[in-house]
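Please look over the sequence and the structure first.

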Amino acid sequence: MKQISAMMAGTVVEILVAKGDQVSDGQDVVIIESMKMQLPVTSEIAGMVDLVKVTAGEFVNEGDVLIVLS
């Protein structure tokens, strides 16, 4: 099981992938807002989205799992 985690604490603004989507290395998957800046979370691995563990508007901490890939 491969996971994509938040690189910093912030609020999830937008989720750019859905269950069943193919994700490539370097693809943006989530946008997080922190300190009034919107920052993309980029996948460092390729795979298919098995689970999106967050929703837009949700606060996440650094290290929280956002997306699970297979």
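The account below moves from the whole chain to its strands and then to single residues.

The model shown here is predicted. The protein contains 8 strands and 0 helices, so that, read from the N terminus, its elements follow the pattern β-β-β-β-β-β-β-β.

The overall dimensions come next. Along the principal axes, the C-alpha trace spans about 30 × 20 × 20 Å. A compact globule of 70 residues would have a radius of gyration near 11 Å, and the protein, at 11 Å, agrees with that expectation. Of the 70 residues, 30% are buried. Among contacts with a separation of 6 or more, 55% are between residues 24 or more positions apart.

Attention now turns to the arrangement of the strands. An open sheet is formed by 4 strands in the order β1-β8-β6-β3, with antiparallel pairing. Strands β1 (2-5) and β3 (22-23) lie at the edges of this sheet; each has a single partner strand, and therefore one side of each has no neighbour in the sheet. Within the sheet, β6 (residues 47-52) and β8 (residues 65-69) run antiparallel and are joined by 3 bridges.

Another antiparallel pairing links β4 (residues 28-34) with β5 (residues 37-42), through 6 bridges. Aspartate 28 has threonine 42 in β5 as its bridge partner. The two strands β4 and β5 make a hairpin with 2 residues between them, and in this hairpin methionine 35 adopts a positive phi near 50 degrees.

Glutamate 44 is located in the loop between β5 and β6. Is glutamate 44 buried or exposed? Its relative accessibility is 70%, and because exposed means over 50%, glutamate 44 counts as exposed. The C-alpha atom of glutamate 44 is separated by 5.0 Å from that of aspartate 25, although the two residues are 19 residues apart along the chain.

In summary, the predicted model presents a protein of 8 strands, with an open sheet of 4 strands and a hairpin of β4 and β5.

Note on methods
Residues numbered from 1 in each chain as written. Predicted model: local features only at pLDDT ≥ 70, side-chain atom pairs only at ≥ 80, totals over all residues. Heavy atoms only, no water. Rg over C-alpha atoms; globule rule 2.2 N^0.38 Å. Buried < 20%, exposed > 50% of the residue type's maximum accessible area, 1.4 Å probe, protein only. Contact = heavy atoms within 4.5 Å. Pairing = 2+ DSSP bridges.
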